[in-house]
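User: I would like to learn how to read this model, feature by feature. Please give the general idea each time and then the case at hand.

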Amino acid sequence: MEEIRLENLSKDFDGFVAVENVSLSIQSGELFSFLGPSGCGKTTLLRMIAGFEIPSTGRILIGNTDITDLPPYKRQVNTIFQNYSLFPHMTVFDNVAFGLRIRKFPKNEINDRVKEMLTLVKMEDQANKYPDQISGGQKQRIAIARALINKPKVLLLDEPLAALDLKLRQHMLIELMNIHDAVGITFIYVTHDQSEAMSISDRVAVMNYGHIIQSGPPDDIYERPTSVFSAYFIGATNLITGEVIGIEDDYVQIRCPDGTGNSFEIDSTFHFQPAIGQELTISLRPEKIAISRNKPRYQEDINILRGVIEDILYLGSHTQYIVRVGDLRIRVFSQHKRVYFDDTALDWEEPVWLFWHDTDTWLIDEIPENVLTADELSEGGINHFQRSLKRPTAQ
Amino acid sequence: MKRFSLTKLFKGLNLTSFTLVMVFLYIPILILIIFSFNDAKIITGWKGFTLKYYAQLLKNETIQIAFRNTMLIACLSTLISTILGVLTALGLENKKFSGSKFVSILIYIPLVIPDILMGVSLALLFNFTKVNTGMLTVLIAHITFCISYTIIVIRSRLDDFDYSLVEAAMDLGAKPSTIFWKIKIPLILPGIIAAALLAFTLSIDDFIITFFTSGRGFDTLPIYVEGAIRRGTITTINSLSTIMIGLTLLLVVTTKRIRKIVISSL
């Protein structure tokens, strides 16, 4: 089995550093995603693996073979392009056969393998059509067949579903997973859509400003972000800054200023060793917080905050409340489960209790102002960081 | 009611102006074709149907030589200027070539230079370099004015060329030479054919530049026609022109088929 290794990979476009010192290994057969906002360097990284860009420094290896300087046509790597890039002057059949014809395979073998591929992507009856006669989803399938027929060691997918509408995207995502299971080769998937990356991938690397911020299985990235950026970028979260005031066994007490001069305390478990007096960030997922007009009866290992409802947004499967605690705005998702407690009649400007288990508080050893830009902080709609914000410095 | 009559008026105007334009464009050609069958030495009126001027054409050796010369020059200059046009247009797409803007201007200039200037300057050049005027000089002259047109037509086709197709082909294992023959050429082929047709027609009917560069003893059809009209023999010219019109129409009609044939042969 041959893994892909990226070693200290950097790409500099005339002074603009698109990718900086990325090292990573991707297991054979893995479905690996690069996830990040536009301009984070994920596409450049992919283009370096494909061979369209030559790295400024670093190496790319497949197994023990160094492919860093090989031209694209000598790599056992194929790409699915964002706009599919099917050859408009060739039929579906000729598009899929292109790679084999170039390698001068015998005619009957080409015929057999093209048919096999078209069956894999369920397009066997469209072989004689031209690309402008088939739909977007079908073009996508042909692009996949055209790439996979070459039996690449790695398939690169550059935002492959971006051009499709939502329903088709969800459908193609499942198709892609099935195809991945069927062929068993490594897929490297690039997207800015977190739900795509989370649902399809074995592992995800979150990227920002040319760096890999965090990589790991999707649930790790969501539940246990090691960086403010991955907490912020994946899903919704409340980021609160605070100072460590006490440590006891596996619990830590944090004092959080609420912006009015007052403060409240939050208890948490921890996964890194905090120090008394240290400033850190709390990431609190909105769906982990319970909201009620009644104070919880059971209070062991529970954090409790008092706040006032500022905004209510009904979203069908759940309701989003924005609760004012001091000057902070805390986002809470509440599902409509009346067996727990009655939250349906909560009203604007009503005082409420917020509570969550200590283990649902997640600590991050970073200060958001150092990581996120002002735009990113305000994009979330609510944030607690009205102090001066600056662009991140290189890590 | 009023609006209805206005649109009707515009529709009427449209139809009239369209008809007028068509009449202006095609009446002279129609008259020429009709009179090529007229049994009279000069255009005085209809004197009866005849094919004798077509028969005279077939017997007239000077015309046949001029026709052969014209076709030879047209085919060669089309071929050469189209090939050079493709190569230049593709070369100018290369972003690493910094002089691309300057070259583009140089290519546009011959389009706006009057033919007479071009003819005189070429004649001077050939005279100065002591090249004997004849077929070669005419060919060179025709290539020089055709090439600007072929480059411009092919470049306009390249403007909307999707370069991700080149990356896709490379990704699938195609070497640069394969990409050239299997991807680039087929996709810009409509532009190449249009450029070739344009070069061909420009070459066939060029008079001024040919006049200055042909010298004695190498006549193309336009040169012959001019001389013949000066001598007053208009009748064979009518039938000759009719045949030329027929050939041109044939060419236009078969263009689509040519494209298909070329694509399937690549």
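Analyst: We can start with a single residue. Arg75(A) is found in the loop between strand E5 (65-66) and E6 of chain A, where helices (H or I, at least four residues) and strands (E, at least two) are DSSP runs numbered from the N terminus. The model is predicted: local features need pLDDT of at least 70, side-chain atom pairs count only at pLDDT 80 or more, and totals for chains, interfaces and linings use all residues. Residues are numbered from 1 along each chain as its sequence is written, while chains are lettered from A and ligands numbered from 1 in the order in which they are written.

User: Is Arg75(A) buried or exposed?

Analyst: A residue is buried if 20 or more other C-beta atoms lie within 10 Å of its own, exposed if 12 or fewer, and partly exposed in between, with C-beta atoms placed from the backbone. Arg75(A) has 22 C-beta neighbours inside 10 Å, so it counts as buried.

User: Which residues does Arg75(A) touch?

Analyst: Two residues are in contact if their C-beta atoms, placed from the backbone, lie within 7 Å. Leaving aside residues up to four places away in sequence, Arg75(A) touches Gly51(A), Ile67(A) and Leu70(A). For a C-alpha to C-alpha distance, take Arg75(A) and Leu173(A): they are 98 residues apart in sequence and 26 Å apart in space.

User: What are the two separations, in sequence and in space, for Ala182(A) and Leu120(A)?

Analyst: That pair is 62 residues apart in sequence and 8.7 Å apart from C-alpha to C-alpha. Ala182(A) lies in helix H5 (residues 166-183) of chain A and counts as exposed, with 10 C-beta neighbours inside 10 Å.

User: How many helices and strands does chain A have?

Analyst: Chain A has ten helices and 20 strands. Its C-alpha atoms fill a box of roughly 75 × 45 × 35 Å along the principal axes. Of the 395 residues in chain A, 40% are buried. Among its contacts between residues at least 6 apart in sequence, 65% join residues at least 24 apart.

User: How many helices and strands are there in chain B?

Analyst: Chain B has eleven helices and zero strands. The radius of gyration is taken over C-alpha atoms, and the globule rule is 2.2 Å times the number of residues to the power 0.38. For the 266 residues of chain B the rule gives 18 Å, but the radius of gyration is 23 Å, well over that value, so chain B is more spread out than a compact globule. The C-alpha atoms of chain B fill a box of roughly 75 × 70 × 35 Å along the principal axes, and 27% of its residues count as buried. Residues 24 or more positions apart account for 80% of the contacts in chain B with a separation of 6 or more.

User: Where does helix H8 of chain B bend?

Analyst: The bend at a residue is the angle between axes fitted to the seven residues ending there and the seven starting there. H8(B) bends by about 55° at Leu189(B), and a proline, Pro190(B), follows within four residues. The span of the helix can be checked too: the expected value is 1.5 Å times one less than its number of residues. H8(B), residues 176-204, has 29 residues, yet its end C-alpha atoms are only 36 Å apart, short of the 42 Å that a straight helix would reach.

User: Which non-glycine residue of chain A has a positive phi of about 65°?

Analyst: Glu349(A) has that value. The residue sits in the loop between strand E18 (328-335) and strand E19 (351-357) of chain A, and Glu349(A) is exposed, with 8 other C-beta atoms within 10 Å. In chain B, Lys130(B) has a positive phi near 60°. Lys130(B) is in the loop between helix H5 (115-128) and helix H6 (135-159) of chain B, and is exposed with 6 other C-beta atoms within 10 Å.

User: How many residues does each chain give to the contact between chains A and B?

Analyst: Chain A gives 17 residues and chain B gives 15. On the side of chain A that touches chain B, strand E6 (77-80) and helix H2 (92-102) of chain A each give two or more residues. H2(A) gives the most, with three residues.

User: What confidence does the predictor report for the complex?

Analyst: The complex has an ipTM of 0.80 and a pTM of 0.80. For single residues, pLDDT is the predictor's confidence, from 0 to 100. Chain A has a mean pLDDT of 87, with 91% of its residues at 70 or more. Over residues 379-395 of chain A the pLDDT is below 50, and this stretch has 24 contacts in the model beyond near neighbours in sequence. The mean for chain B is 87, with 96% of its residues at 70 or more.
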